[in-house]
Amino acid sequence: MANLRLINITKFFGTVPAVSDVNLEVTDGEFIVLVGPSGCGKSTLLRLIAGLETDHAGEIIIDGNNINHVPPKNRDIAMVFQNYALYPHMTVYQNMAFGLKMRKISKEEIDNRVLEAAKILKLQDLLNRKSKALSGGQQQRVALGRAIVRKPKLFLFDEPLSNLDAKLRVAMRGELIKLHKKLGTTMIYVTHDQVEAMSMGDRLVVLHEGKVQQIGKPLGIYEHPANLFVAGFIGSPPMNLFHCKIRKDAQRFTIVTDDFELTLPDTFLQVIKSSNLPDNRVILGVRPEDIHEMRPEICPPLKQQISARIEYIEPLGSEVFATCTSGKHEFIVRFSAKTDIHPDQKIKLVIDMERSCFFHPTKENELTMNNNESGDLS
Ligand code: ATP
């Protein structure tokens, strides 16, 4: 069990910063997911924590101790890699026992630990099988077992499920979550798959170009992405973005595009009023599930109805995503599986404005009461 603190971690490869000024606090027993697109620095950050990369700026602190200069084998950290890195000619038992033997742990203790891990991972019947004769999912379990038997303070996972097929990957996600519950050990998990990140992490750390974009609970990040990058990366399909202007008539603020107008809900009045928006421009962010087909019970004034056309649909069984256009705007709307919409259909849509987000048009950050600059909207 371990607390981990990263303070101003920066790592260059040549002149390229792979990780820039990362600050993170992980509490004992947390399951943290580092997520971001390829090349954003996730693996480098994990390898720095493990001690497999060195020569970085900043401090890595575990349980109050700076471990910058502690060699990897003394960090009490176990890492599970994407390619499992098993010894193919050794049996499952030998693979799991290998690290413990090297540490000169007694035969009896090794036996106990391997059998205990095998039970947790349902590997009892495979202990004498050579690891080269295992399926991908079984090999992944052995790699996990090899990490578990070490009883480390901290587990690091570098895309451990990406070699598995889609169905097994989903099953293994569940297994890992259960394993975390059972062991209660701090775990840091790297993935580029935002669905995996959302479904597994107590908290997510979203990275882009080596920099932390946002840290928070999955749902909090989904509902309030800190900036346009996060809005586009978390959520599948991503958040719809509309470039708008804010117009003030009499006492009302209206959000105007070339194709439709929307009334600003009172809940956003202060945020918009106190944001310094160049030319009164703002970017409106709306999730596909927050745009609805107009029904008699949700029938806003004519100008706030979005006249759209269904371009194409993606039926996924449990839901249908429709790509719609309204004038020059293209956006995605989520419909229930029972919908009878079809391509080329004309449709009236409404946006649930209470669930929308607003972003600064040039700085690209979400506008909230906490990050506004003072300024007047004329
Ligand atoms: P992926 O999901 O593709 O594994 P990642 O988010 O884990 O990507 P890193 O592997 O940490 O990203 O790489 C971050 C940046 O550092 C990239 O620009 C990468 O090319 C660079 N990089 C990583 N390792 C090295 C290295 N050993 N030498 C030079 N550049 C490196």
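How far does a backbone N or O atom of Gly-41 lie from an oxygen atom of the ligand? The distance is 3.0 Å.

## Ground rules

This is a predicted model, where local features need pLDDT of at least 70 and side-chain atom pairs count only at pLDDT 80 or more, while totals for chains, interfaces and linings use all residues. Residues are numbered from 1 along each chain as its sequence is written, and side-chain values use heavy atoms, with hydrogens and water left out.

## Around the ligand

Taking "around" to mean that a heavy atom of the residue lies within 4 Å of the molecule, the list runs Phe-13, Ala-18, Pro-37, Ser-38, Gly-39, Cys-40, Gly-41, Lys-42, Ser-43, Thr-44 and Glu-159.

The protein splits into domain 1 (4-232) and domain 2 (237-366), with bounds that come from an automatic or database domain assignment. Their C-alpha centres sit 39 Å apart. Contact here means heavy atoms within 4.5 Å, and by that rule 10 residues of domain 1 touch 12 residues of domain 2.

Together the two domains bury about 980 Å², 54% of it on carbon and sulfur atoms; buried area is the accessible area (1.4 Å probe) that two parts lose on being put together, summed over both. On the domain 1 side, Tyr-222, Leu-228 and Ala-231 supply 55% of the area buried against domain 2, more than any other three residues.

The rule finds 1 salt bridge between the domains, a salt bridge being a side-chain nitrogen of Lys or Arg within 4 Å of a carboxyl oxygen of Asp or Glu. Arg-355 and Glu-223 form a salt bridge, with their closest N and O atoms 3.7 Å apart.

As for secondary structure (DSSP runs numbered from the N terminus: helices are H or I with at least four residues, strands are E with at least two), helix 7 (218-223) and helix 8 (228-233) each supply at least two residues of the domain 1 side that touches domain 2.

## Salt bridges overall

The whole structure holds 18 salt bridges. In one of them, the side chains of Arg-203 and Glu-30 meet at 2.5 Å, N to O. That pair links distant parts of the chain, 173 residues apart: Arg-203 is in strand 9 (residues 203-208), and Glu-30 is in the loop between strand 2 (16-26) and strand 3 (31-35).

How values were computed:
Polar contact = N/O pair within 3.5 Å; in protein donor to acceptor, adjacent residues only side chain to side chain.
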